[in-house]
Amino acid sequence: MRYVAGRLVQGLFALLGFLTVMFFAVQLIVPGDYFTPFRLGLTESEVDALRAQYGLDQSVFVQYWRWLTSLFDGSLGTTTIGRPISGLITNAIPRTLFVLVGGLVIAFLIGTAQGRWSSWHRGLRSEVVTFVGLVFLTAFPPFLAFVLTERAHMPMNELRRSVMGESANPWRSATTFTEEQVLFQMSVSLLASLAVVAVVTALLRRYTNARPRPWWVVIGGIGLTVWWWWQGGRGAFALDLLFEAAIPLFAFVLLSYGEFLLIMQSSMTGVKHDPYVLTGMAKGLTERQVRNRHASSNAILPLLARFAVSVPFLMTGLVIVERSLGWSGLGDFLFFAITAQDIPLVMGALAVIGAVSLLVRIALDVMTVSIDPRIRRP
Amino acid sequence: MNPGLLRRLRKSTPFWIGVFILVVFAAMAIAPTFLLGNAWPTGIYDPVTGYDFEVFHPAPPSAAHLLGTDNQGHDVLSQLLSATRPTFVLATVAALVTAISATVVALIGAVSTPWVDRSVGFISDALLLLPAPIFMLIIGSGALSQEIGPITFGVIYGLIAGIGGGGIVLRAQAKSIMVRPFIDGARVAGVSRWRMATRHLLPHLVPLAAVFMLLAVAGAVIADGFISFLGQTATDVSWGTMVYWGTTFVNPITGDPAWNGVLAPSVALTLFCTAFHLISVGVRRAADSQQ
């Protein structure tokens, strides 16, 4: 617990330092302000009056101080023309969060399973699996997104209509919840059931000798998540949204599972010749048991460490996917802010993206510590 | 680098396949210099302004246009070749800057005082929070956007990726080497810090730095593609702008995009990154089997 708190404080300082540097960097790189692109035929004196009204005529340091105080009271300040940023961002967060969390879970399961398999079997089939992962990892994201919208959009809409009925929106008009609330609830329940599944398997392993089969764990997790969605009384709405989110989710999984595959493959190759693998074989365990239990649980540690570094790259992939598919999450939002030269808005989006990567990193650190008994502290 | 590593590298098949693909790309980068204006008349084959009045666009592949033309009448092969050069320069610069800055961060972290080490680590942590393509996007939208050529882009991307992600991984590796017995031996023998870093630590960092450098290339090329896809670079023709043109200007009659114009740069990008990946696999295998 103290470890987590320490990491959190350290991370927050890093985030603050990063944001400060970014604030001044953005001021330097993007000269001008909100009124530079949107002059709309105003005269110089009118623009100056507007600048004075919104406090843009003050020095950079005054603006920085104003922004810093707004960061600490949690409102993230207002946009240049006075709309509260926190409101705008909370509208964008659930969409990003859902695709990020759901996509990472699916990509992790597929990627590690394939990496585990292909590192164990040398040969044409394993090379092909690796190559397909590599192709998607290095595929040009806008191209992939374009192909998906071009080819997968229609069938997806057909499917949605046949499942949800002809008029697609009775669920939406019936409820008082907004899309964002439901999406947020969906991602939170996904995370919660992940945590529950992890705790239950850990307890089973510790107190009984039973080792649940991986497939049962996956099915249990999905079941629990779906049950949670229905429990809130907005299951149909959630299902409808899931159809909408399916294409961004699919694109994100395709773009990121190759990363897991490659890292898992290299770290499995590293442990393949360790003595305990030989011991396991000598004890008469099947190859599958040795691979899936003994070797892969050792190989997962480097995977987690390396994955912490690739978080920003995955975030980038997400931003690109959102931008190209018109899924109006944080990435789309940030792009809008940059083109409008609304510096407080850009900073708000950067702060949230930084905070999300920070949280993912800390979660990974905690996982590493809890999995690896060697670095667990007393 | 020691001779054993090089010898294993010479026998590695993935390494040579990767090198072969890169050589092909290098030839492609040089080709327009000889072709444009000689075998290819500029009026028809210029990647930006060229237009062939004798065929109906978009044209399927033919003898005159080996990869066909897109919906605007550009020759796809000519575009692809002209776009290869900026990408090649960018990738090389990004790779070198990433490897050098990551190694410097790791060396500083390993041999300097704890205080310096901690502050360098702090900078790495902070930079890791910043996805490099997003930073490039911010730069590209500003007044400097017309001055961001491939070289500047490569340097900035390399610094962010090298000090951030690469620095963290290499620093951890350097620290795990610093506790090995031979370092203690060198310390007892009275070796200076500088010599310790360059002679004893550096050789063990080079394979990992090479791997990281080659991985950074894929990121840089995709980021450049993305930013030129959004129209924010000074480069006229790049793989990203080709995809952008291909998907934006659809065939007015059928509504279809020019598939040859979209597919060609995407396949080129994947092949280019695959080449670097194969090289890094070769280096890693050679370094692994050595230990």
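Predicted model: local features only at pLDDT ≥ 70, side-chain atom pairs only at ≥ 80, totals over all residues.
**Salt bridges**

Side chains of opposite charge can pair when their charged atoms come close. Over all chains, a search of the whole structure finds 2 salt bridges. The table lists them with the distance between nitrogen and oxygen.

| Pair | N to O distance |
|---|---|
| Asp117(B) and Arg171(B) | 2.7 Å |
| Arg187(B) and Asp184(B) | 3.5 Å |

The pair of Asp117(B) and Arg171(B) links distant parts of the chain, the two residues being 54 residues apart. Asp117(B) belongs to helix H5 (residues 114–128) of chain B, while Arg171(B) belongs to helix H7 (residues 150–178) of chain B. Asp117(B) and Arg171(B) are both buried.

The pair of Arg187(B) and Asp184(B) lies within helix H8 (residues 181–188) of chain B. Arg187(B) has a relative accessible area of 44% and is partly exposed. Asp184(B), with a relative accessible area of 38%, is also partly exposed, because values between 20% and 50% fall in that class.

**Chain A**

Chain A contains 14 helices and 0 strands. Its 378 residues include 46% that count as buried. The accessible surface of chain A is about 19200 Å², and carbon and sulfur atoms account for 67% of that surface.

Note on methods. Residues numbered from 1 in each chain as written. Chains lettered and ligands numbered in written order. Heavy atoms only, no water. Salt bridge = Lys/Arg side-chain N within 4 Å of Asp/Glu carboxyl O. Helix = DSSP H or I, 4+ residues; strand = E, 2+ residues; numbered from the N terminus. Buried < 20%, exposed > 50% of the residue type's maximum accessible area, 1.4 Å probe, protein only. Areas by Shrake-Rupley, 256 points an atom, 1.4 Å probe, with all protein chains shown as cover.
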